[in-house]
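This report goes through helix packing, a sheet and ring contacts. The structure is shown first.

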Amino acid sequence: MLSFDLLFVIIAVIGNFILGLFTLRKNPKSATNLLFFLFTISITTYIIFNFLVTYQKTDQAAFFWVKAVMSNAVFINLLFFLLTSTFPSPKFSLNRKIFWASTIFSLFLAPAAQLNLIFISAKASGGGGVPGIAMPFFLLHTALYLGGGFITLVKTFRKSNGFEKEQVKLFLFGTILMFISILFGNLLLILIFNNSSFIGLLPIYTLIFISTISYAIVKNKFLDINLLVARSVVYTLLVFIIALFYTGSIFSVTNLFFNGQITRLQAIIYSVFALFVALTYPYLKQAIEKLTDKVLFKNNYDSNELLSSLTKIMASTLQLEDLTRLTLHKLLETVHISKGAFLILEEQKFYPPIAEGFDNTNFNSSLMEWLCSFKKILIFDEEENPKIKIILRQLNFSVVLPLFVGQTIHGLLVLGDKKSGEIYSSQDIKMLEIFGPEVSVAVQNSKAYEEIKRFNITLKEEIDKATKDLQVANKRLEELDKIKDDFVSVASHELRTPMTAVRSYAWMALNRPDVPLSEKLKKYLQRTLISTERLINLVNDMLNISRIESGKIEINPQAFDVETLVDDVLLEVGPKAKEKNLHLVSYKTQIPKVFADPDKVHQVLLNLVGNALKFTPENGGVSISFFTDGQMVDISIKDTGVGISSDDQRRLFQKFGRLDYSYVASATSGGTGLGLFICKSLVSLMKGKIWAESDGINMGSTFSFSLPAATPEVLKQAGKYTTKVDGEEG
Amino acid sequence: MDPKNKKILIVEDDQFLREFYQELLSTEGFVVDVAADGEIANTKIHQGGFDLIMLDIMLPKKDGLQILRDYKTNPPAVENGPIVVLTNLGQDTIIKQAFDLGASGYIVKSALNPDQVLDEIHNYLKVNA
């Protein structure tokens, strides 16, 4: 019995002392920690004195230690009172007057025990004691200090939340149990029944205290301590089991088989055991670790697994709302958090929060901005700034994680209490610190994506509007084009009618006069006629060009014999050739039909032959020859005229590309400088080519153009050679 | 062929041109009648009996194509000779439409000299003689 007592005392003393020391070392500057340390010391000495009381054989010796116990009790009361009024703040905040009053009262009361005023006498071996006159004061002191302490603790409990609440709860629970036990076993039993036989149980009461506080530490925010404690437990258990097995094995083997004598065989057997132990050690350790993990980390989760599934969610969607809602849900579910919300900032305004578990998500945005301004993770339980702490408590935020990418903040992730009421472990915080930047980038991407989406919508609207504008403008242009065409058409008609009249009457005056004309008058009338012809040709050519350039000319190809057409043209210009006594000849060869628009070819031929006649002096010749390679038919008009300088050859087919040399000639020939350009355009429209050759001035010229031969292949693709015009005026 | 027996109707709104053609053809010996607008022309054409009709396209009141359309759908009791359309260059589609409506040929007014016009007229009369 005695040895058991002693064992408990030793365990309680060491436990209390280590607990106090550990707490002090954690934060020596904290008033709470210091007071807690002193409190555990006072309990330690109390246990020792108390044990010494039970250990004494004589009443006198027992009474001596009883007095020590009572003095010690006064200090326990005082330290408990001071501790509770401070806990869990690191600063000593008790009212100065109350502090001094309580301390002075205690300082008077403590010596009273030594002066035999609390107990007058005491008996050894649980015989009880006789209370003295100061006993009521001691009871009052105990009632006041412990009662005050508990009331303060309950108040603190009510005010706190999260981890703190849990801590206070455990502290309250441990101390209440301990004090009630002490009051009952060590004071009331003695005073009422005069029985002190239960005082030996004191260490057990303090053990309750130690275990609850230890539990608080193990479950506390510093996972490292948590882990340290856990591993310590593992190793202690491991060593204990191994040692027990090993010694037990050796003991039993030695005793059973060898009668306590160790032989060589024994040594071998020991070695076999040792080997067995060594081999089974890792499995044993694993099993124990699993067991302790299960007990100590009930709500544990795998950070890597959580982070990778969060990453998967983030990769799966670009929609901001899905992204935040899904990751939030996963986070709350896995870490067992009661509530949380994403507060996403967009151009200094918060989106409506994406929240889960919050009753009211109408967060004050200026407060949220204020929380953003700290630019760091805020954890309620670790926060030392009282202002932040108050705000966080009001808002029910336990963690505020700002979402930063570089220097840009994209919002906040706020989290409430854990469902268990526990605080956020360092594992949680570490995980959040990794998750924070990842989700920030994802949020940024989502925001960019939403912005692009919005931009696309705007862009589409803009394009639609621009397209509509263009359509309107286009329609207007079409109208203007039509007006222009109408104008050109009407203007040319209106111009040609009087010009035709001028020419006709001039011709009549010249050719059918009823009186003889003087030479002078004849000359004047001739010039009038030529100029009018030029004017008419000019208007016709310009109208032609206008139609070619605006794509309003039709090409209706058919297969026909171009040699026959040449004959017609020669017949047409015959009178003119005769006037200048020019020799006209067409050299016929075997050529295929061409596939072209006969009217247009007629126009081209008339123009080229007309030019040849125009620029060939009297008594000259104009010859037309044909050539074919089977695919194309070339028609060449060769004259013995003025020729073209090599410089001029390039300009021939340009608009108004009339040549310097021929300018004088053209003044009397009615040329417009547009004829060759029109020829080139028409030939091109019929998929042919036109070119000119001359050996130089006065060496004659050869104008040639080619047309596609009417081969079966060409006829098959007649559409390619056809040009239709829509909306030609009727 | 004696021009004196041939009756020609000239439909032309421009007075000078109309009178010019009238003089040119009368001097040549043809019996010439004239019409200055589409309605007069239509009436005269429906009376019939012309050996040749020179029909301008752009006319007041009723244009040449309409006259041709009327003539085609509602031919007169007394037949006329060929109808030759007086046009200007750059009216390809009009010429095509005129042919579709029964015109026998066309004369590009501005492109031809008066004697060339006479040649054309003689040609048309010869072909239809």
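## Helix packing

In chain A, helix 16 (residues 562-579) packs against helix 17 (residues 598-614) at an angle of about 40°, and their axes are 10 Å apart. Helix 16 of chain A is therefore oblique to helix 17 of chain A, since angles under 35 degrees are needed to count as roughly parallel. The crossing of helix 16 and helix 17 of chain A is right-handed. The model is a predicted one.

A second pair in chain A is helix 15 (residues 519-549) with helix 20 (residues 675-685), whose axes come within 10 Å and cross at roughly 30°. That angle makes helix 15 of chain A roughly parallel to helix 20 of chain A. Here the crossing is left-handed.

## The five-stranded sheet

Chain A has an open sheet of five strands in the order 10-12-13-15-14, with mixed pairing. Strand 10 (583-587) and strand 14 (690-694) of chain A are the edge strands, each pairing on one side only. On average, and with direction ignored, neighbouring strands of this sheet are turned by 15° against each other. Strands of a sheet pair through backbone hydrogen bonds, in either parallel or antiparallel fashion.

Strand 15 (residues 701-708) of chain A runs antiparallel to strand 14 of chain A, and five bridges join the two. Within this pairing A:Ser694 stands opposite A:Ser701 of strand 15. The hairpin of strand 14 and strand 15 of chain A has six residues between the strands, and in it A:Gly696 takes a positive phi near 135°.

Strand 15 of chain A also pairs with strand 13 (residues 632-639) of chain A, again antiparallel, through seven bridges. The bridge partner of A:Ile637 in strand 15 is A:Phe703.

## Burial of strand 15

How many of the residues of strand 15 of chain A are buried? Eight of its eight residues are buried, so the strand counts as mostly covered under the rule that buried means under 20% relative accessible area. In a regular strand the side chains alternate between the two faces of the sheet. In strand 15 of chain A, A:Ser701, A:Phe703, A:Phe705 and A:Leu707 point one way. A:Thr702, A:Ser704, A:Ser706 and A:Pro708 point the other way, and the residues of both sets are all buried.

## Aromatic pairs

Over all chains the count comes to 21 aromatic pairs. One of them joins A:Phe39 and A:Phe179, with 6.3 Å centre to centre and 50° between the planes, a tilted arrangement. This pair links distant parts of the chain: A:Phe39 is in helix 2 (residues 31-55) of chain A and A:Phe179 in helix 6 (residues 162-193) of chain A, 140 residues apart. A:Phe39 and A:Phe179 are both buried.

A:Phe105 and A:Tyr145 form an edge-to-face pair, because their ring planes stand at 65°, with the centres 6.2 Å apart; the cut-off for edge-to-face is over 60 degrees. This pair also links distant parts of the chain, with A:Phe105 in helix 4 (residues 96-114) of chain A and A:Tyr145 in helix 5 (residues 135-159) of chain A, 40 residues apart. A:Phe105 has a relative accessible area of 24% and is therefore partly exposed. A:Tyr145 is at 5% relative accessibility, so this residue counts as buried.

A:Phe39 and A:Phe179 also belong to one aromatic cluster with A:Phe80 and A:Phe150.

## Lysines

Two lysines sit over phenylalanine rings, one in chain A and one in chain B. The charged end of A:Lys389 is over the ring of A:Phe380, 4.6 Å from its centre. In chain B, B:Lys7 lies over the face of B:Phe50, at 5.1 Å from the ring centre.

Another lysine, A:Lys430, lies in helix 14 (residues 426-511) of chain A. Is A:Lys430 buried or exposed? A:Lys430 has 54% relative accessibility and so counts as exposed. The C-alpha atoms of A:Lys430 and A:Ser303 are separated by 8.7 Å, although these residues are 127 residues apart along the chain.

Terms used:
Residues numbered from 1 in each chain as written. Chains lettered and ligands numbered in written order. Predicted model: local features only at pLDDT ≥ 70, side-chain atom pairs only at ≥ 80, totals over all residues. Heavy atoms only, no water. Phe/Tyr/Trp six-rings, centres within 6.5 Å; stacked < 30°, edge-to-face > 60°. Helix = DSSP H or I, 4+ residues; strand = E, 2+ residues; numbered from the N terminus. Buried < 20%, exposed > 50% of the residue type's maximum accessible area, 1.4 Å probe, protein only. Lys NZ or Arg CZ within 6 Å of the ring centre and 35° of its normal. Pairing = 2+ DSSP bridges. Axes fitted to C-alpha atoms, helices over the stretch in contact; angles between N-to-C directions. Parallel < 35°, antiparallel > 145°, perpendicular 65-115°, else oblique. Left-handed = near helix turned anticlockwise from the far one by under 90°.
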